[in-house]
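Here are a few friendly notes to read alongside the model. Keep the structure open and look up each residue as you go.

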Amino acid sequence: MIFLVTIISFLLLQIVPGDPVIQILGAKATPAQQEILRHELGLDKPVIMQYLNWIGGIAHGDFGKSIIYHEDVGRLLRDRFPITAYLSILALIISTSLGIFAGVISAVKRGSLIDSFISLFANTAVAIPTFWLGIVGIYVFGLKLGWLPIEGWTSPFTDFVKSIRQMIMPLFAMTIPNIAVIVRQTRSSMLETIRQDYVRTAKSKGLRQRIVLYKHALRNALIPVVTLVGMALAFLLAGEVLVETVFNIPGIGRLLIRAALDKDYLIVQAGVLVIGTAVCLANLLVDIAYGWIDPRIRYK
Amino acid sequence: MVETSATRKPAGASQAYISESRRFLRVMFSRWLVVFGMVIIILLILVAIFAPWISPYDPYKVNLPESMQQPSWNHLFGTDEMGRDVLTRIIYGSRIAVLVGFVVVTLAGAVGMLLGLLAGYFGGWTETIIMRFMDALMSLPPLILMLAIAVMLGAGMSKVFIALAVGFMPTYCRLMCGEVLSTKENDYIMAANVLGSSHLRIMFRHLVPNVFPPLFVNVTLDLGFAILAEASLSFLGIGINPPTATWGAMINGGQHYLLTNPLLSIIPGMAIILVVLAFNLVGDGLRDALDPRLRGRI
């Protein structure tokens with residue numbers, strides 16, 4: 001899978017219309033300058049060789065040099081990666097736990113007021129743009145009420161309280177739509193499971209409702225939800241790009257957008273590669289988690 | 001998922017057979033949320049078509065003396081930093097939204113389904129190549145894939161359409177391939193084969209009509225999500241170029257004036273939510289109405 005991600009990221013540079021060298025340098029560059037850059041980027045070689053060179057460099061941690069910022073792309077990414085990873089893992093934990101919790105409640109109390117409320121929330125929240133949620137948050141809690149800082153990033157190791165205060169709104173904006181997706185999946189999966197024969201058997205054995213629900217039903221209902229967690233990370237990372245832009249957080253997302261606006265193709269390419277690889281690794285972890293939740297699919 | 005009256009009844013409660021189309025209409029119109037979604041979508045399309053006639057002002061004319069006004073009877077949602085009427089720009093933004101939704105989904109659906117049809121029908125290495133390519137596209141978060149493609153292709157509305165379509169295409173390809181794989185095992189396909197029908201005839205005359213209904217749900221949902229994705233790109237400044245009125249760009253423009261006029265950002269966001277929600281509600285309604293497990297009942 002990671003191989004496929006590298007192919008896609010590599011192809012991205014190939015779809016730049018016209019000559020990327022002219023795109024990068026602008027029309028005013030002399031042919032000699034163009035030639036030097038072309039050679040530097042390895043664009044004078046056949047496509048397969050270009051790919052092998054590029055991937056070989058990355059294997060050594062060499063992502064090339066940014067043309068606009070005159071900095072090592074690998075270093076730019078390394079500086080920003082921990083921030084993005086920290087935020088997205090926190091968001092993943094929050095949204096999965098809250099999402100599964102609300103989804104189970106909604107399925108168990110099906111038809112009740114709380115179920116209608118959760119369903120209504122889930123339906124509306126998937127339609128809310130992450131960035132809009134961030135902006136409304138800034139207006140209400142930052143500007144009007146003055147409870148939370150409106151932007152920025154502090155490492156939790158330098159100032160823990162400030163860091164938490166700065167993170168509340170970005171996390172909120174990122175997780176709300178994601179929670180909605182997980183709630184919907186958990187709810188329908190749980191409803192499906194409650195109808196199964198073994199749940200009825202467990203009930204008729206006289207087991208307590210709580211044990212039937214959480215020991216017999218939930219564990220089975222979680223299998224499709226776990227698949228979703230890998231996708232949830234992809235969804236969160238996309239939301240993170242928007243949230244980092246809104247809240248001015250110096251992560252990979254903001255770097256990606258700034259590079260995109262400045263047409264620094266190498267950074268965009270490398271950013272896509274890093275994000276894609278992270279998602280692939282997360283999916284790998286999900287596959288391993290399957291075996292833990294469902295002994296039937298334990299790998300031999 | 002929206003609760004249906006259909007699923008709420010215990011299975012087998014009413015066994016009387018009802019024709020497929022009557023059942024479909026009954027399920028669709030029995031819930032007010034689905035009807036609400038349909039009304040919103042119809043309104044959206046009408047507003048988009050008749051934008052020049054119903055909007056009170058010119059969406060692009062700069063009118064500095066009237067800038068940053070609060071809502072009033074003259075300007076229902078106020079005016080932006082260039083004195084343009086927000087309501088008018090919302091109305092014109094609906095044109096972009098409708099255009100994005102339909103063009104992107106048509107493009108993604110057509111290419112994705114065609115590739116899925118080929119992959120599922122021929123199998124073998126055709127399937128391997130097409131499906132592995134789709135896997136590769138799906139291994140990236142869609143928004144980031146679309147963003148990267150839009151950046152690489154450069155500015156322009158048509159480039160944004162292509163970028164979004166590539167992001168939405170893999171789902172159609174996968175769904176179509178799966179549907180075709182199971183449908184082609186049916187006896188009537190074998191019969192057509194024995195009768196000497198050409199591949200093309202089997203694919204388009206026999207397979208496509210039978211696999212289309214489940215894909216239709218996805219089409220409806222994606223109409224909304226395409227609008228949401230375009231708004232995200234416009235918000236980041238990577239989508240359709242200003243001064244074209246798009247809801248995403250309006251939110252972006254408004255965020256610099258949050259203290260003086262928060263409505264500049266809030267109103268277009270509400271428009272996006274309403275429209276995406278409407279497509280979601282109708283999509284969910286369609287899913288329940290087309291559910292084969294409920295066929296012949298209710």
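1. Start in chain B of this predicted model, where helix H11 (residues 247-254) packs with helix H12 (residues 263-290) at an angle of about 155°. Their axes are 7 Å apart. Because angles over 145 degrees count as roughly antiparallel, H11(B) is roughly antiparallel to H12(B). The crossing of H11(B) and H12(B) is left-handed.

2. Which residues meet here? From H11(B) come Trp247(B), Met250(B), Ile251(B), Gly253(B) and Gly254(B). Their partners in H12(B) are Leu264(B), Ser265(B), Pro268(B), Gly269(B), Ala271(B) and Ile272(B). By class, this contact of H11(B) with H12(B) has seven nonpolar, four polar and no charged residues.

3. Now turn to the contact between the chains: 43 residues come from chain A and 42 residues from chain B. On the side of chain A that touches chain B, several helices each supply at least two residues, among them H1 (2-14), H8 (160-194), H10 (209-247) and H12 (265-293) of chain A. That side of chain A divides into 35 nonpolar, six polar and two charged residues.

4. Finally, have a look at Asn248(A), in the loop between H10 and H11 of chain A. Its phi is near 60°, a positive value in a residue other than glycine. Is Asn248(A) buried, exposed or partly exposed? With 13 other C-beta atoms within 10 Å, Asn248(A) is partly exposed, because a residue counts as exposed at 12 or fewer and as buried at 20 or more.

Key: Residues are numbered from 1 along each chain as its sequence is written. Chains are lettered from A and ligands numbered from 1 in the order in which they are written. This is a predicted model: local features need pLDDT of at least 70, side-chain atom pairs count only at pLDDT 80 or more; totals for chains, interfaces and linings use all residues. Two residues are in contact if their C-beta atoms, placed from the backbone, lie within 7 Å. Helices (H or I, at least four residues) and strands (E, at least two) are DSSP runs, numbered from the N terminus. Ala, Val, Leu, Ile, Met, Phe, Trp, Tyr, Cys and Pro count as nonpolar, Asp, Glu, Lys and Arg as charged, and the others, Gly among them, as polar. Axes are lines fitted to C-alpha atoms, for helices over the stretch in contact, and angles run from 0 to 180 degrees between N-to-C directions. Angles under 35 degrees count as roughly parallel, over 145 as roughly antiparallel, 65 to 115 as roughly perpendicular and the rest as oblique. A crossing is left-handed if the near helix is turned anticlockwise from the far one by less than a right angle, and right-handed if clockwise.
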